[in-house]
Amino acid sequence: MAKFTLYIGNKCFSSWSLRPWVAMRHLEIPFEESFVRLRTPETAANLAKVSPTGLVPVLNHEPLEGGGRIVWETLAILEYLADLCPEKKLWPQDLGARALARSVAAEMHSGFREVRYGWPMNLRRPKSHKPLDAEGEAQRARIEAIWRQCREQYGDGGPFLFGHFTAADAMYAPVVTRFDTYGGELAPVTRAYVDAVLATPAMRHWYAEAAREPWPEPGPDEQD
């Protein structure tokens, strides 16, 4: 059987690690998890053994025909899994929905810097509203507009952005945690989507393991 190994960082704050992990776990794509602890004197050396960029996540795939493959970028990992496991429907089947899903996933990948830095992912932080600056607030509003558009146009089949869980939901999963931690009282549509993602067994498992981790400070070893 083909073997996947996913290298990830600390679950408390490694937001990019969460993305492929939650997709694979939620969609029941079997994999082994390998943990690289961040923010230690050994981190750089340990990452160098598994990651060409010195960052996580990294997917190691040993296909049945031999010849291991390394995929080291989050969106590339999701695309690779979509190619290998079409039955999991990581992208919507409808062409218009798929185009929108890829667009909003790419926008998340490259954007929303002020939200990501103003509201750093920290799953142990007590929930309390934290205002963003003007640019961060504009980006927060854009994220909510994306969620609303996807749900209104394509969300009839379930509680996620395109009904069933897709790569777009995986890309926004860390932002979901930020809205829950820092966002205070959320608009009803936003709250419903945040709650749907957080209620998945995969996210609940990630949170539970994050709560048991030692407590290093987040730093540049992970991408967010």
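pLDDT is the predictor's confidence in each residue, on a scale from 0 to 100. In this predicted model, the chain has an average pLDDT of 93, and 95% of the residues score at least 70. Residues are numbered from 1 along each chain as its sequence is written. Because the model is predicted, local features need pLDDT of at least 70 and side-chain atom pairs count only at pLDDT 80 or more, while totals for chains, interfaces and linings use all residues; side-chain values use heavy atoms, with hydrogens and water left out.

A contact means heavy atoms within 4.5 Å. Where pLDDT is low, the predicted coordinates should not be read in detail.

**Annotated region**

An unreviewed UniProt entry carries the annotation "domain: GST N-terminal" for residues 4-89. Such annotations may be inferred rather than shown by experiment. Over residues 4-89 the chain is 36% helix and 20% strand, with the end C-alpha atoms 18 Å apart. Helices (H or I, at least four residues) and strands (E, at least two) are DSSP runs numbered from the N terminus.

Two backbone features are found in loops. The peptide bond from Val56 to Pro57 is cis, with omega near 10°, and Pro57 is placed in the loop between helix H2 (43-50) and strand E3 (58-62). Arg39, a residue other than glycine, has a positive phi near 65°; Arg39 is in the loop between strand E2 (32-35) and H2. Most residues other than glycine have a negative phi, and most peptide bonds are trans.

**Helix packing**

Two packed helices are described by the angle between their axes and the distance between the axes. Axes are lines fitted to C-alpha atoms, for helices over the stretch in contact, and angles run from 0 to 180 degrees between N-to-C directions.

| Helix pair | Axis distance | Angle |
|---|---|---|
| H1 (residues 15-26) and H9 (residues 201-211) | within 9 Å | roughly 130° |
| H3 (residues 74-84) and H7 (residues 167-182) | 10 Å | about 155° |
| H4 (residues 95-110) and H6 (residues 134-154) | within 11 Å | roughly 165° |

Angles under 35 degrees count as roughly parallel, over 145 as roughly antiparallel, 65 to 115 as roughly perpendicular and the rest as oblique. H1 is therefore oblique to H9, H3 is roughly antiparallel to H7, and H4 and H6 are roughly antiparallel to each other. A crossing is left-handed if the near helix is turned anticlockwise from the far one by less than a right angle, and right-handed if clockwise.

H1 passes H9 in a right-handed crossing. Ser17, Leu18, Trp21, Val22, Arg25 and His26 of H1 meet Ala202, Met203, His205 and Trp206 of H9. This contact has six nonpolar, three polar and one charged residues. Ala, Val, Leu, Ile, Met, Phe, Trp, Tyr, Cys and Pro count as nonpolar, Asp, Glu, Lys and Arg as charged, and the others, Gly among them, as polar.

H3 also passes H7 in a right-handed crossing. Here Thr74, Leu75 and Leu78 of H3 make the contact with Ala167, Ala170 and Met171 of H7. Five of these residues are nonpolar, one is polar and none is charged.

H4 passes H6 in a left-handed crossing.
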